[in-house]
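Hi there,

Here is the structure I promised to pass on. Have a look first, and then read on for what turned up in it.

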Amino acid sequence: MNIPRFWRKINNRYNLMGTKCENCGQTYFPPRNICPNCRREGEIVEHSFEDEIGELITYTIIRSAAEDHEKETPYILGIIELEENTRLTSQIVNCEIEDVEIGMKLKPVFRKLGEQSKDGLLFYGVKFSPIGKEE
Amino acid sequence: MTGIVSYGVYVPKYRIKVEEIAKVWKEDPESIKKGLKVNQKSAPGQDEDTATIAVEAARNAIKRQEISGEEIEAIYVGSESHPYAVKPTATIVAEAIKATPNLTAADYEFACKAGTAGIQNCMGLVNSDMAKMGMAIGADVSQGAPGDALEYTAGSGGAAYIIGKEDVIAKIKKTTSYTTDTPDFWRREGERYPRHGGRFTGKPGYFSHVIGATKSLMDKMDTEPNEYDYAVFHQPNGKFPVRAAKKLGFNKKQYQDCLVVNKIGNTYSGSTLIGLASVLDESSPGDKIIATSYGSGAGSDSFHIEVTSKIKEVREKGPKVNYFLEESKYLSYGEYARNKEKVR
Ligand SMILES: [Zn+2]
């Protein structure tokens with residue numbers, strides 16, 4: 001990941017900032033500047049997903065990963081639905097592999113996503129965690 | 001009056017028991033537990049660090065009072081384990097609570113008391129109307145060298161306090177500090193683990209400063225120990241805060257509720273602030289709290305706090321300290337070492 005690209009997306013990555021089409025109501029994450037349903041009629045505005053509770057649609061267990069995520073294996077990579085038809089891929093944390101379940105409710109949490117190199121930039125952003133008992 | 005508008009806590013879910021660490025170093029867990037009055041400590045997940053803990057605590061504080069990030073005009077993050085040597089943790093927090101760009105921000109370092117130093121700074125800004133509200137955070141993912149006594153207690157966690165004048169849940173009536181150059185604990189630039197002066201440093205370090213600051217505050221407030229409902233002290237282990245409290249004339253009822261060190265270890269910059277949060281979780285309007293931090297090197301900040309009627313509605317809107325004490329998953333030493341990247 002290069003630095004300008006990461007920097008431009010900080011608000012999306014930290015705060016789950018996506019977009020919404022005011023015309024048809026469809027939300028987008030990652031954000032889109034044009035609504036594919038409405039094209040020119042679409043009216044795109046910023047839309048935050050950070051208070052949304054997501055649902056786990058499907059997942060896979062990653063047992064061998066590229067060098068930068070090697071130390072984290074095995075880990076859970078899930079597809080999470082935030083709102084109707086708005087899905088994203090994210091690591092599921094605070095969850096044992098034997099406890100992961102399709103349909104489980106997930107909340108966004110702030111975690112380290114990776115690092116550029118040993119002496120390079122640290123990348124932070126959202127991952128998802130099961131909702132605790134009290135929540 | 002200036003005081004605490006909101007507070008938020010975060011402690012990672014992982015724990016490691018004293019037995020598990022003692023097994024590796026062939027030490028006797030019972031004598032360690034008895035000596036330190038600590039049974040286990042908290043440990044971060046492999047993708048957690050001081051910045052992520054600070055952000056989670058900050059978000060829990062924001063959530064409690066439904067404050068908008070833009071209202072926070074100052075952020076100070078105190079830690080001895082900032083992820084970068086150069087590049088502030090505070091800007092990461094500011095971005096993650098949408099407080100940017102109209103605010104001042106900086107990182108603080110003063111061993112375990114950098115978070116309370118941040119509270120004092122926020123009080124100064126709010127009192128002088130330089131900021132509407134400020135946020136002070138104490139957070140750490142502390143490291144003890146493998147095999148060092150600190151490895152049994154060095155925990156992870158943090159707390160965030162929003163300081164302001166309106167809608168305060170607790171007034172901070174006075175704060176006072178006690179600071180000297182005392183070389184009891186240090187880490188040189190570029191070194192991975194801290195070093196310490198060993199056992200003898202308790203007296204000139206922790207006890208002299210905690211007792212000095214607390215007494216000085218009571219003198220200025222013209223109060224006696226029995227006037228306080230709660231007494232919170234920095235918790236490097238389970239023994240020191242109890243001994244300091246007794247020396248100062250506080251009783252068990254006043255100090256025992258805030259002792260979380262036996263379950264999560266010493267959370268360094270988070271320690272006093274999490275202890276105070278556990279008291280706010282349970283306190284009643286009108287309660288008087290005295291809270292004193294300690295940072296090696298050395299200094300203590302002491303606060304006289306009075307709870308208002310606002311506390312009851314606000315505290316229910318965020319996770320309490322007990323929630324974090326209960327949510328736990330135990331690690332083996334191998335898993336713990338891998339998470340902390342001790343084994344490379
Ligand atoms: Zn549309």
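Let me begin in chain B, where B:Ile16 stands opposite B:Lys41 in S3(B). Please keep in mind throughout that this is a predicted model.

That pair belongs to a wider arrangement. Strand S2 of chain B (residues 14–17) is joined to S3(B) by four bridges, and the two run antiparallel.

Still in chain B, B:Glu151 deserves a look. You will find B:Glu151 in the loop between strand S6 (133–141) and strand S7 (156–164) of chain B. Is B:Glu151 buried or exposed? With a relative accessible area of 0%, B:Glu151 counts as buried, because the cut-off for that class is under 20%. As for polar neighbours, a polar atom of the B:Glu151 side chain lies 3.0 Å from the backbone nitrogen of B:Gly147.

Now to chain A. Two helices and eight strands were found there, and along the sequence they follow the pattern α-α-β-β-β-β-β-β-β-β. Three strands of chain A form an open sheet in the order S2-S1-S3, with antiparallel pairing. Its edge strands are S2 (27–28) and S3 (44–48) of chain A, each of which pairs on one side only. Between strand S1 (residues 17–21) of chain A and S2(A) there are two bridges, and these strands run antiparallel. If you want a place to start, A:Thr19 has A:Tyr28 in S2(A) as its bridge partner.

- The C-alpha trace of chain A spans about 45 × 35 × 25 Å along its principal axes.
- Of the 135 residues in chain A, 42% are buried.
- Among contacts in chain A with a separation of 6 or more, 46% are between residues 24 or more positions apart.
- Chain A exposes about 7800 Å², and carbon and sulfur atoms supply 44% of that area.
- There are 18 positive and 23 negative side chains in chain A, and the centres of the two sets lie 5 Å apart.

Happy browsing, and do write back with any questions.

Best wishes

Key. Residues numbered from 1 in each chain as written. Chains lettered and ligands numbered in written order. Predicted model: local features only at pLDDT ≥ 70, side-chain atom pairs only at ≥ 80, totals over all residues. Heavy atoms only, no water. Pairing = 2+ DSSP bridges. Buried < 20%, exposed > 50% of the residue type's maximum accessible area, 1.4 Å probe, protein only. Polar contact = N/O pair within 3.5 Å; in protein donor to acceptor, adjacent residues only side chain to side chain. Contact = heavy atoms within 4.5 Å. Areas by Shrake-Rupley, 256 points an atom, 1.4 Å probe, with all protein chains shown as cover. Lys, Arg positive; Asp, Glu negative; His and termini not counted. Charge placed at Lys NZ, Arg CZ, Asp CG, Glu CD.
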